[in-house]
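Subject: Structure handover

Hi,

Here is the structure I said I would pass on. Have a look at it first, and then read my notes below.

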Amino acid sequence: MSAPPAVRVELLWWSGCPSADGAIELVREEMGAAGIDPDRLEIREMTTEAQALDESFVGSPTIRVDGVDLQTPSEEPAGLTCRVYRRRDGRVSPLPDRGDVRDALERALEGGAR
């Protein structure tokens, strides 16, 4: 029996975002449910506009699984701001839909983030 593939999960945040803690909790819960050690979540704070641009950071929280953004940003510019996610039911939210996190982790475990 082979070991599950290593999955890289990143959460990028900005100090002005009130949703960062909730996002960290959500992602860690889904990582644990998927059999991924929640302590492996890479949490990185974005502190400058230049860093945000370099990281293609379109707002806090930004969640990436194996380098792929949880929701592909459309035309949002990079910058230190809060992010808006579109949930599966069409509502907008400062946090992603839990099902989107779960699906991204499952795809990564199966061998391809997208």
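Let me start with the sheet. E1 and E3 pair in the antiparallel sense, over four bridges. Pairing here means that DSSP finds at least two bridges between two strands, while helices (H or I, at least four residues) and strands (E, at least two) are DSSP runs numbered from the N terminus. Within that pair, Val9 sits opposite Val65 of E3.

Before going further, a word on provenance: this is a predicted model, in which local features need pLDDT of at least 70 and side-chain atom pairs count only at pLDDT 80 or more, while totals for chains, interfaces and linings use all residues. Residues are numbered from 1 along each chain as its sequence is written, and side-chain values use heavy atoms, with hydrogens and water left out.

On to the other strands. E1 (residues 9-13) is also joined to E2 (residues 42-45), by four bridges, and these two run parallel. The chain gets from E1 to E2 through helix H1 (residues 20-33), and this β-α-β crossover is right-handed: with the strands pointing away from the viewer, the path from the first strand over the helix to the second runs clockwise. Leu11 stands opposite Ile43 in E2.

E3 has another antiparallel partner in E4 (residues 68-69), joined by two bridges. The bridge partners in E4 are Asp69 for Arg64 and Val68 for Val65. E3 and E4 make a hairpin with two residues between them. Asp66, in that turn, has a positive phi of about 50 degrees and is partly exposed at 34% relative accessibility. On the cut-offs: buried means under 20% relative accessible area, exposed over 50%, and partly exposed in between (1.4 Å probe, protein chains only).

Put together, this gives an open sheet of four strands in the order E2-E1-E3-E4, with mixed pairing. E2 and E4 are the edge strands, each pairing on one side only. In E3, Thr62 and Arg64 point one way and Ile63 and Val65 the other, and all are buried.

What about the interior? The largest nonpolar core has 19 residues. By nonpolar core I mean a set of buried Ala, Val, Leu, Ile, Met, Phe, Trp, Tyr and Cys residues joined through side-chain atoms within 4.5 Å. Those with the most contacts inside this core are Val9, Leu11, Val27, Met31, Leu41 and Leu105. E1, H1, E3 and H3 each supply at least two of its residues, and the largest share, five residues, comes from H1. A second, separate core of five residues includes Leu12, Met46, Ala52 and Leu80.

The buried residues of H3 are Gly99, Asp100, Val101, Ala104, Leu105 and Ala108, and they pack against E1, H1, E3 (62-65) and E5 (85-86). Glu106, also in H3, is partly exposed with a relative accessible area of 38%.

Asp97 counts as buried at 15% relative accessibility. After H3 comes Gly111, with a positive phi near 115 degrees.

A cis peptide bond joins Ser60 and Pro61, with omega about 0 degrees. Ser56 has a positive phi of about 55 degrees although it is not a glycine, and Ser56 counts as partly exposed at 46% relative accessibility.

Cheers

Technical notes. Contact means heavy atoms within 4.5 Å.
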